[in-house]
Amino acid sequence: MQQKLQTSPRERTVEVQWSKLLTEDGDRRAQNFLLSIPHIEFVIAGAVGLLILGLLTHPTGGGIVALAILAAVILPWSIYCTSRHVSWLLFVLVLIEAVAASAFAAGSDEKLGALVRYPMSFLFILPFILSLWRSGILRQGGFRDYGIYLIWALFSVSYSILPAVSIARAFAAILPFLAFCAIAAEVRSGEDARRMMGVLFAGCGIVVAANYLEMLIQPGMAWQIDTEEGMLRFVGFLTEPNEIGNLMLATIGAGVGYWPIASKGKKVLTAAVMIGALVQAVMADSRSPIVGLAIGTAVYLVWKYRAKGLIGIAVLCAFYYVAAHTLPGMHDYVDRGDVASFTGRQVAWDFAVSKVKERPLVGYGYEVEGQILSSQYFPGWDAVWSLGYQSSLHDGYVSRAVSLGIPALLLWLFITLRPAISCFLRDGDPWKLRSMVPLTILPVLILDFTESVVDFRSFSGLMLGLAWAMLERERLLAREQAAQRAKVVDELKTPVVRALQGVHAS
């Protein structure tokens, strides 16, 4: 009877529908197509030659040529492989974020990040659209609710102060959201969920390795001087030191999710990558993600080990306090910057809250919160606040209230926190995923107080989105299985028992 409860008839139907996504005839035709290309090695060699020539003659234009050649050679094969393995969408999403956040894309005038993000996301997600709709997951629980939230974001284009920005960023969130829904529809167990976290971890690990490679090849480009403090901060091939901390949080969070099913050898590699990501965050002096990770780890230790964990945290805090006051220069390093105002963020937060009071129900348009800082009444005139809609309020909660209003913020909080809380309830964690809440979800939610973590974008946004999707999938299946068990028990009751229960209830 338990076997029947684990897989409902509807889920078996969904599995059949997904399995028909590519038939044997389609596989055979694709294989014949690849084999029919004459001298494929010469085509690749010619493409590489053109790529090198373009980069030597015109670096920026060569970059565009490089992307075009790579797309023409690799893209069809990549889409074909991804359409057969939905988990590979995670690689695609991580690579898109890496390109969009790279100094190469951000430093160009051709907006290469946008040229990569939108077409690539659409092309890779397109093969799953029909099966995703048939699976019914978009009409279930939090997936349905998040869809409503994103439809709300699309509707905000009608009154947005920057409609073009709102619609572009809404689609930038909708496309990866559909990818996570397609991934969640394939998950049937805790092992499946942790395997998906492992795929995301592998993608982040590649970016971490690329940062170390950049440090070896171009050490001068891998470091950035902080104009206020005058200190060197590691950036790798990315544009901002905070992106390194963002990457660290995603790498460690995904690694923690994958750890329980990793083999002994893979655990060694996983630990090495996680340590490497943490070292990069320290070199980047990215404090907010490290603080978020520390608080999440402390919560996990207290939850897991109770009094022992609390004593261990107290000892570590004591060591930190002593080191901060005894080591030369340590106290100045910890207190550097305007810590009292969160390095100047308080000015933007106070102004944003005043703007929320003016339009508390609908906001100013999806993810255009930076534009309100262009007001002549904004008291802060630092360069960091003068980028228009590209400026960040450095608070994801305030940003959502400014963008879509307070009701949308409350809806988002409800959608995000519900599966995280439900897995701590009785019979709410059949897949044993609750350890992901303090170590994977909580650090990002803490980071969202000082950095704006956007919907299903950025490294930590992808990790939060995947962890949420896995916990929500677990919650829905646990609820469905509980309903089926209750139905079976009710059917086994004799008419006399049911009659007695009715009399007692009356």
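These are my notebook entries on a predicted model of one protein chain.

**Ground rules.** I number residues from 1 along each chain as its sequence is written. Since I have a predicted model here, local features need pLDDT of at least 70 and side-chain atom pairs count only at pLDDT 80 or more, while totals for chains, interfaces and linings use all residues; side-chain values use heavy atoms, with hydrogens and water left out.

**Whole chain.** I looked up the secondary structure and found 23 helices and 2 strands. Helices (H or I, at least four residues) and strands (E, at least two) are DSSP runs, numbered from the N terminus. Of the 506 residues, 46% are buried, meaning under 20% relative accessible area with a 1.4 Å probe, protein chains only. I then checked contacts (heavy atoms within 4.5 Å). Among those with a separation of 6 or more, 76% join residues 24 or more positions apart.

**Core.** The largest nonpolar core holds 111 residues. Such a core is a set of buried Ala, Val, Leu, Ile, Met, Phe, Trp, Tyr and Cys residues joined through side-chain atoms within 4.5 Å. Helix α11 (residues 163–186) gives the largest share of this core, 14 residues. Tyr146 is among the residues with the most contacts inside the core, along with Tyr149, Phe180, Ile183, Leu466 and Met470. I looked up Tyr146's partners, leaving aside neighbours within four places in sequence: Phe177, Trp412, Ile415, Asp455, Phe456 and Trp468.

**Helix α21.** I checked the length of α21 (residues 436–447): at 1.5 Å a residue, its 12 residues should span 16 Å, and the end C-alpha atoms are 16 Å apart, which agrees. The expected span is 1.5 Å times one less than the number of residues. I find 11 of the 12 residues buried, including Met436, Pro438, Thr440 and Pro443. The buried residues pack against α12 (190–217), α13 (241–258), α15 (287–305), α19 (396–404), α20 (406–422) and α22 (459–492).

**Ser156.** This serine lies in the loop between α10 (141–155) and α11. I count Ser156 as buried because its relative accessible area is 0%. Not counting residues up to four places away in sequence, Ser156 touches Gly365, Tyr366 and Leu404.

**Lys355.** Lys355 touches Tyr364 and Ile372, not counting residues up to four places away in sequence. I also noted 9.9 Å between the C-alpha atoms of Lys355 and Leu373, which are 18 residues apart along the chain.

How values were computed. Buried means under 20% relative accessible area, exposed over 50%, partly exposed in between (1.4 Å probe, protein chains only).
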